[in-house]
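Subject: Structure for your review

Dear colleague,

Please find below the structure that I am handing over to you. I would be grateful if you could read it alongside the notes that come after it.

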Amino acid sequence: MAASETVTLERATSETDPLLRNLLELYVHDMSEVFPVELGSDGRFGYEKLPLYWSEPARRHAFLIKCGSRVAGFALVTRGSPASVNPAAFDVAEFFVLRAHRRAGVGRQAAFALWDGMPGHWVVRVSEANRAGIPFWSESIRAYTSGAFIETSWPGQPGDWRVFRFESRGV
């Protein structure tokens, strides 16, 4: 990432569905190291919940992560989290940065923009098996909140999860 390139979030729409579907294939492929996912008969993983992001806009929010003018990833957010009794909490359902943009601050900047753009209570769940995800989220949330977050464990299927809870400051 060039120093002059700004990381932004762009709301995804049903018109960007094909792009998001392609990015989801890359994401699920990466996550297949963590979760037991299988290819469909068409050679694709698929993401069956994606149409809900277009039909439930009050509850589901999809964003493209841009680095300058280039697509660098995506974020999917739901209102309500399986790891929270608060129905208004925002949950980072899925978050993906293309490998070419990793370890350059793109993910952190995108996460900060996400939290700033949607003020409120946030829940970030990370599988304990996601060895790259735990330090990324822990460090990003610690930096964003200046350490004002709660970190717990949550039993789930498959395996256990690390859960981070905090309030976003908004802009």
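The notes below cover the sheet, the helices and the nonpolar cores.

Please bear in mind that this is a predicted model.

Sheet. Seven strands form an open sheet with mixed pairing, in the order S1-S2-S3-S4-S5-S7-S6. The edges are taken by strand S1 (7–11) and strand S6 (150–155); each has a single partner strand, so one side of each is left without a neighbour in the sheet. From one strand to the next, the twist averages 30°. Within the sheet, S5 and S7 are paired in the antiparallel sense, over seven bridges. Val124 is found opposite Phe164 in S7.

Helices. Helix H1 (residues 17–31) consists of 15 residues, and the distance from its first C-alpha to its last is 20 Å, close to the 21 Å expected at 1.5 Å a residue. Its buried residues include Leu20, Leu23, Leu24, Tyr27 and Val28, and also Asp17, Glu25 and Asp30. The buried residues of H1 pack against helix H2 (50–55) as well as S2, S3 and S4.

Helix H3 has twelve residues, which should span 16 Å at 1.5 Å a residue; the C-alpha atoms at its ends are 16 Å apart, so the two values agree. H3 lies across S1, S2, S3, S4, S5 and S7, and runs at about 155° to S4. Among its buried residues are Val106, Ala110, Phe112, Leu114 and Trp115, together with Asp116. Helix H4 lies across S4, S5 and S7, running at about 15° to S7.

Nonpolar cores. The largest nonpolar core holds 28 residues, of which Phe95, Leu114, Trp115, Trp122, Val124 and Trp137 touch the most other members. Two or more residues come from each of strand S2 (60–67), strand S3 (70–79), strand S4 (90–97), helix H3 (106–117), strand S5 (121–127), helix H4 (133–145) and strand S7 (160–167). H3 gives the most to this core, with six residues. Apart from this core lies another, of 24 residues, among them Tyr27, Leu76, Ala89 and Val163.

Which residues does Val124 touch, not counting those up to four places away in sequence? They are Val92, Trp115, Trp137, Ile141, Arg162, Val163, Phe164 and Phe166.

With kind regards

Note on methods. Residues numbered from 1 in each chain as written. Predicted model: local features only at pLDDT ≥ 70, side-chain atom pairs only at ≥ 80, totals over all residues. Heavy atoms only, no water. Core = buried A, V, L, I, M, F, W, Y, C linked by side-chain atoms within 4.5 Å. Buried < 20%, exposed > 50% of the residue type's maximum accessible area, 1.4 Å probe, protein only. Helix = DSSP H or I, 4+ residues; strand = E, 2+ residues; numbered from the N terminus. Contact = heavy atoms within 4.5 Å. Pairing = 2+ DSSP bridges. Axes fitted to C-alpha atoms, helices over the stretch in contact; angles between N-to-C directions. Expected span 1.5 Å × (residues − 1).
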